[in-house]
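Trainee: Could you walk me through reading this model, one feature at a time?
Mentor: Gladly; let us look at it together.

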Amino acid sequence: ADNLTRRLPAGNNQDELSQMVACLNQMLDRLEKSFRRIRQFSGDASHELRTPLTILRGETEVTLRWAKTTDEFRDMLRSNMEEIDRMERIIESLLTLAKSEVGELTLEMKQLSLSDMVQELYLQSRILCEAKQIKVEMDLKVEQEVRIRGDELRLRQMFLNLISNAIKYTPDGGELKIVLAQEDDLAVVDIVDSGIGMHAEHLAHIFDRFYRVDKARNRMDGGTGLGLAIVKWIAEAHGGSISVTSEVGKGSSFSVRLPIQGPEEGKHPKTTILD
Ligand code: ADP
């Protein structure tokens, strides 16, 4: 685990020994990559948790030393509460992701109306958008009700994550659109915003844990960088996928594709599916 950089010298003919060397080297590549990912992940997780802890400690120390009035103590407790909230959110999301990796999260499948869910999300979005005066639009590009097999709570969590991102990264007075369509046996939901958008180089990474385009701005918005990792897990656990297109200054469009029949049996060994 300490040194995974060394490789066996590759043979230059096609005999069995050279094939085995190539195979071992490829395995070492994969091991090296996955060890690096784990190290990076624990580093990021500790860093993300240390920041609110440092703030908590700093504020508490200063207050204990200087504060005299009840109001001053109350201010500190209020500010501490924000950091505690933040840590709670990070830990909860990390726990969800960790459980999803070892198959400890279950999806409770049932037949549900995606059309109804999209309409409820539209009404909820209108309330969420009020403060920023973002205009919400719904486009049902289907002739009849779309019913799918899925976990209602998880699907709702996935869409709300995408919607709250759309609102978070769209300036006041912008637009948000929720589109439902069907392509053969796939249901497609698009969450489209007219927000700040992202450069192409970020798009491959935004579904990684803790990846944030603008770390400084994001901390103030209360982002953890874990939302999209969870969104991706939920889409894939349903046998579906998520994709994104974006243009800086114009907006972003996240597209979720879900098989109407739900995930295929045995295809996602890490998810326990209850019917
Ligand atoms: P966060 O909690 O930081 O929003 P996410 O995992 O949900 O974490 O998103 C990862 C990053 O992707 C965000 O920090 C942001 O930079 C970018 N992002 C996500 N959604 C959008 C969007 N609709 N418009 C612009 N940028 C976005």
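Mentor: We start with contacts: a contact means heavy atoms within 4.5 Å. Leu114, for instance, touches Val146, Arg147, Ile148, Phe159, Leu180, Ala187 and Val189, leaving aside residues up to four places away in sequence. Please keep in mind that this is a predicted model, where local features need pLDDT of at least 70, side-chain atom pairs count only at pLDDT 80 or more, and totals for chains, interfaces and linings use all residues. Residues are numbered from 1 along each chain as its sequence is written, and side-chain values use heavy atoms, with hydrogens and water left out.

Trainee: What share of contacts in the protein chain between residues at least 6 apart in sequence joins residues at least 24 apart?
Mentor: That share is 74%.

Trainee: How many helices and strands does the secondary structure of the protein chain come to?
Mentor: Helices (H or I, at least four residues) and strands (E, at least two) are DSSP runs, numbered from the N terminus. The protein chain has seven helices and nine strands.

Trainee: Which residues of α7 are buried?
Mentor: Buried means under 20% relative accessible area, exposed over 50%, and partly exposed in between, using a 1.4 Å probe and protein chains only. In α7 the buried residues are Leu228, Ala229, Ile230, Val231, Trp233, Ile234, Ala235 and Ala237. Because eight of the 11 residues of this helix (residues 227–237) are buried, it is largely enclosed by the rest of the structure. The cover over them includes α2 (70–101), β1 (106–108), α4 (152–168), β7 (241–247) and β8 (251–259). After α7 comes Gly239, with a positive phi near 80°.

Trainee: Which residues have the most contacts inside the largest nonpolar core?
Mentor: A nonpolar core is a set of buried Ala, Val, Leu, Ile, Met, Phe, Trp, Tyr and Cys residues joined through side-chain atoms within 4.5 Å. The largest one here has 51 residues, and those with the most contacts inside it are Leu114, Ile148, Leu155, Met158, Phe159, Leu176 and Phe254. Elements giving two or more residues to this core are α2, α3 (114–129), α4, β5 (175–183), β6 (186–193), α7, β7 and β8. The largest share, eight residues, comes from α7.

Trainee: Where do Asp184 and Phe210 lie?
Mentor: Asp184 sits in the loop between β5 and β6, while Phe210 is in the loop between α5 (200–203) and α6 (215–221). Asp184 is not a glycine, yet has a positive phi of about 50°; Phe210, also a residue other than glycine, has a positive phi near 70°.

Trainee: Is each one buried or exposed?
Mentor: Asp184 counts as exposed because its relative accessibility is 72%. Phe210 counts as buried because its value is 2%.

Trainee: How many disulfides does a search of the whole structure find?
Mentor: A disulfide is a covalent bond between the sulfur atoms of two cysteines. The criterion is a pair of cysteine sulfur atoms within 2.5 Å, and the search of the whole structure finds zero.
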